[in-house]
Amino acid sequence: MPIEYKKNQANFLDVATVEEAEPLLAWLQEKKKPKVDLKGCTHIHSANLQVLMALNVKINTWPEEERFRAWLQSALSH
Amino acid sequence: MNPLLAQFLSESVEFLESIASKLMQLEKHPGDPDVMNELFRFVHTLKGNSGLFDFPEMTKVLHAAEDLMDAVRTGAVEQSEGFTDNILDAMDFVGGLSREIEANGHYAETHREEAVRIAKGLRAMIGTPETVATNAAQSGGGSSKGLAGEMPATWQHVPQGLKRELLARVQEGETCFWVVYKPEEGCFFQGDDPFFVARQTPGQVWGHIESREPWPPISTLDPYRCVLDFHTLAVSFREEIADHFRYVPDQVDIQEVPASWLGATEERSTTPRVAETTAAKAAAHEPLSEAVRNTLTQIFRAQRIILQLNEDTATKVKRLPAVCAVLLNCCKSTDQPESVARQILAHCEAAEESGDPAALLAWMEDFQASDFSPVQTVEAPLELALVETVETADVGEVRSAARAEDGSVISGASTTAKSLKVDQTKIDRLMNLIGELVVSKNAIPYLAQRAENQYAVRELAREIKGQYSVINRIAEEMQDAIMQIRMMPVSVVFQRFPRLVRDISRKLGKEVSLVLEGEETEADKNIIEALADPLIHIVRNSLDHGLETPEVRKAQGKPATGTLTIRAAQEADRVVIQITDDGKGINPEIIKHKAYEKGVIDEETLDRISDHDAIHLIFAAGFSTAEVVSDLSGRGVGMDVVRSAVEKVNGTIDLQSEVGKGTRLSISLPLSMAVTQVMIIESDGQIFGVPMDHVVETVRVPRSAVRVIKSAQMTLLRGRLVPLKTLNTLLRIPAKPQTSADDEYAVLVVRVGTDTLGVIVDEFRETVDVIQKPMTGVLSGLQAYSGSALMGDGSVLMVLNLKEII
């Protein structure tokens with residue numbers, strides 16, 4: 001399971017594939033203050049990225065890999 | 001050839017055929033959403049599959065076709081005849097490429113331009129001639145040369161430190177590119193992940209993601225419509241970047257970043273590059289110019305930083321050869337005496353052995369201090385930036401490799417195969433084995449008989465018989481199962497007709513509507529395949545000779561559009577295919593005279609021949625009605641080839657025609673030809689097999705009922721005169737036919753072609769299923785037999801070829 005849904009936090013692990021986008025969107029819509037942990041994530045499909053961007057989700061932890069982190073921060077940190 | 005590619009090629013043939021047939025359907029029912037969707041899906045899948053291999057030209061054309069179809073599907077572009085033509089052309093091109101790949105493993109480079117032309121043609125129909133795409137295809141990747149000097153808005157996000165670092169690299173002769181990738185909205189549905197592609201940009205040092213449009217309210221957000229733009233800075237070569245984006249050249253813009261963007265002043269940006277300086281510096285011991293010294297200092301600094309990196313010894317040792325090479329190259333470019341190079345080598349070797357580059361570092365410092373006059377110190381941030389790059393370089397490589405693996409996982413989403421693709425030879429082998437089983441199981445009843453008669457153990461005989469019936473049932477089911485596997489619907493052959501009819505009728509200026517019926521009728525693969533060529537020939541003939549031009553038709557009070565019907569149906573254990581046209585029909589008079597002229601029939605036959613027999617003369621060898629040999633049919637190898645092809649698979653052909661009304665041609669074929677049912681007959685103490693296809697009935701005719709007219713024997717059977725022939729005579733066996741105790745002849749009534757006649761034999765036996773083996777070697781010259789078969793008791797049964805002996 002590439003995305004682990006906890007109470008108010010979604011933990012991204014390894015690679016989040018295109019199939020995750022819809023459940024992710026549904027989950028984010030449900031939660032009042034959703035948080036996202038990208039620590040263990042090595043790649044997320046563009047569709048997931050769009051969802052995170054569109055909902056302006058708070059990222060709790062960024063990925064470890066530097067360039068990947070830079071990419072994501074360019075899109076997600078405001 | 002790798003198995004994946006082989007599979008792709010075999011599938012692509014199927015896809016192209018399906019695409020062609022769907023296009024024909026679509027032309028008949030314009031705008032049918034189901035057909036359109038299916039068509040789109042075929043092209044889409046084919047494109048996706050082609051993307052697995054490195055055939056960008058093929059993918060490009062398919063992509064353009066897909067886009068055009070999508071535009072037509074959504075109603076953005078109207079479906080016109082040109083649409084069908086263009087797509088057909090594109091598919092022909094793709095088919096040509098696949099054939100070339102199949103033959104040579106790749107296709108010629110020369111197809112590139114054609115691919116561009118076709119893709120351009122398709123895109124032009126959408127109405128958005130994408131200049132970028134064509135431009136890109138010619139230069140091998142999306143790019144626009146010569147920057148207007150305008151900084152993109154996103155440029156402000158590039159960190160200062162990075163700019164400085166890049167400036168240094170640019171001044172050292174590297175090239176930096178600004179890559180803007182705007183993936184199309186539907187790209188997710190094609191299995192693309194643009195973010196992944198952007199991250200993999202070769203030499204990527206910085207990236208930025210933006211949304212093209214403001215985000216809609218959450219409730220209307222479509223996560224599968226890509227609205228992201230990717231901006232990337234990459235230090236690489238233009239060709240390399242263009243190659244990376246070669247599947248989406250129209251969605252990428254690659255610009256070289258000018259030094260001015262990186263904050264270089266005019267003076268700085270003109271700093272000569274090392275290589276140029278070297279070229280200019282031919283004289284040996286000229287003092288180094290300040291620019292060269294500056295550059296050299298920078299290089300030395302970088303190398304020292306590399307050597308001083310806080311790493312384990314093993315990694316350090318691995319870095320040494322690289323550092324050594326850089327230093328040696330510097331020496332060479334600045335014409336240093338050879339002693340310097342020797343020193344470098346010595347120090348490097350020592351450092352490699354000890355794992356400690358201290359001595360080398362010391363030498364470098366000395367060398368620099370002695371030969372290069374001190375220059376202004378390079379700013380600290382640059383140093384830091386360099387450290388950072390060096391540190392991440394290796395790690396980055398490893399990670400990107402790992403990512404590539406992840407990528408393949410994403411795209412290769414597992415699907416459970418519902419059908420198997422099996423090589424036909426494997427099926428054939430299985431079928432042969434089952435055939436053997438069927439025959440060898442026939443030996444068991446003989447065994448039971450022997451147990452009873454020879455050894456007088458009735459119990460055992462009964463048990464053997466019981467076991468036999470079980471094996472028999474299983475064997476029959478197996479045989480049935482393997483037949484099912486080999487069964488193919490006739491649509492496999494039929495689906496190429498719509499295209500054929502369309503092309504030919506256009507060429508001839510005729511209007512033809514093609515009706516296909518019973519496409520789901522199934523028959524053995526061999527039969528279906530044997531059917532393909534004769535059918536094409538028949539259809540061509542109908543179009544060329546049968547159907548008239550619209551003017552002629554109207555003049556005769558017929559609808560302008562002619563109808564060609566191809567109907568398949570199963571009748572008992574045979575498949576019957578009828579090709580009917582409502583054309584001008586075949587005039588027996590013309591055929592008769594033509595046949596006479598060509599020497600196919602003699603004068604006597606000319607007078608006597610019935611109309612029905614006359615039109616069948618078109619199947620005679622050397623008969624061709626076409627006055628002028630046309631491109632389409634009438635190449636002189638006409639209908640006799642059709643007939644022999646049909647007869648080869650034990651089929652029969654029949655022709656009915658009415659002048660002015662039309663022609664109907666029926667082909668009757670066996671469902672399968674693996675197992676032949678034969679009737680065993682006895683004559684002069686020998687047994688022979690007669691294929692059941694020929695057997696009409698078996699009758700006992702009293703000797704008194706046989707009449708002799710002239711020298712021929714005849715008998716009256718239910719009011720019909722049936723000519724009689726003795727098998728012994730036909731086979732030149734010098735024995736008289738035997739009659740039964742009631743003085744009756746055993747007469748096997750057979751049908752050969754359209755004739756019915758009786759063959760007098762000694763006795764009838766049972767009918768059996770046999771696997772007929774063709775006569776090979778010296779036996780192949782024996783025309784009287786069509787083959788031989790092994791019986792259950794081990795004896796050989798010769799199967800008669802009635803057509804030849806009668």
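Of the 78 residues of chain A, 40% count as buried. The model is a predicted one, in which local features need pLDDT of at least 70 and side-chain atom pairs count only at pLDDT 80 or more, while totals for chains, interfaces and linings use all residues. Residues are numbered from 1 along each chain as its sequence is written, and chains are lettered from A and ligands numbered from 1 in the order in which they are written.

Colleague: What makes a residue of chain A count as buried?

Modeller: A residue is buried if 20 or more other C-beta atoms, placed from the backbone, lie within 10 Å of its own, exposed if 12 or fewer do, and partly exposed in between; by that rule 40% of the 78 residues of chain A are buried.

Colleague: Which elements make up chain A, and in what order do they run?

Modeller: Chain A has 3 helices and 4 strands, where helices (H or I, at least four residues) and strands (E, at least two) are DSSP runs numbered from the N terminus. From that terminus on, the order is β-β-α-β-α-β-α.

Colleague: Why are β1 and β4 of chain A called edge strands?

Modeller: The 4 strands form an open sheet in the order β1-β2-β3-β4, with mixed pairing, and β1 (3-5) and β4 (58-61) each pair on one side only. Two strands pair if DSSP finds at least two bridges between them; β2 (residues 9-16) and β3 (residues 35-44) of chain A have 7 bridges, in the parallel sense, so they meet that requirement. Within this pair, A:A10 stands opposite A:V36.

Colleague: What puts the buried residues of α14(B) on the same side?

Modeller: The buried residues include B:I344, B:H347, B:C348 and B:A351. They cover an arc of only 100° around the axis, which puts them on the same side of α14(B), the arc being that of the directions from the helix axis to the C-beta atoms. An α-helix has 3.6 residues a turn, so residues three or four places apart point the same way. On the other side of α14(B), B:E338, B:S339, B:R342 and B:E353 are exposed.

Colleague: Why is B:A456 called exposed?

Modeller: B:A456 has 9 other C-beta atoms within 10 Å, and therefore counts as exposed. This residue lies in the loop between α18 (443-453) and α19 (458-486) of chain B, and its phi is near 55°, a positive value in a residue other than glycine. Most residues other than glycine have a negative phi.

Colleague: What makes B:K710 count as exposed?

Modeller: B:K710 has 6 C-beta neighbours inside 10 Å, so it counts as exposed. B:K710 lies in the loop between β15 (707-709) and β16 (712-717) of chain B, and its phi is also near 55° and positive.

Colleague: How many residues of chain A are in contact with chain B, and what counts as contact?

Modeller: Two residues are in contact if their C-beta atoms, placed from the backbone, lie within 7 Å, and 25 residues of chain A are in contact with 27 residues of chain B. The largest share of that side of chain A, 7 residues, comes from α2(A).
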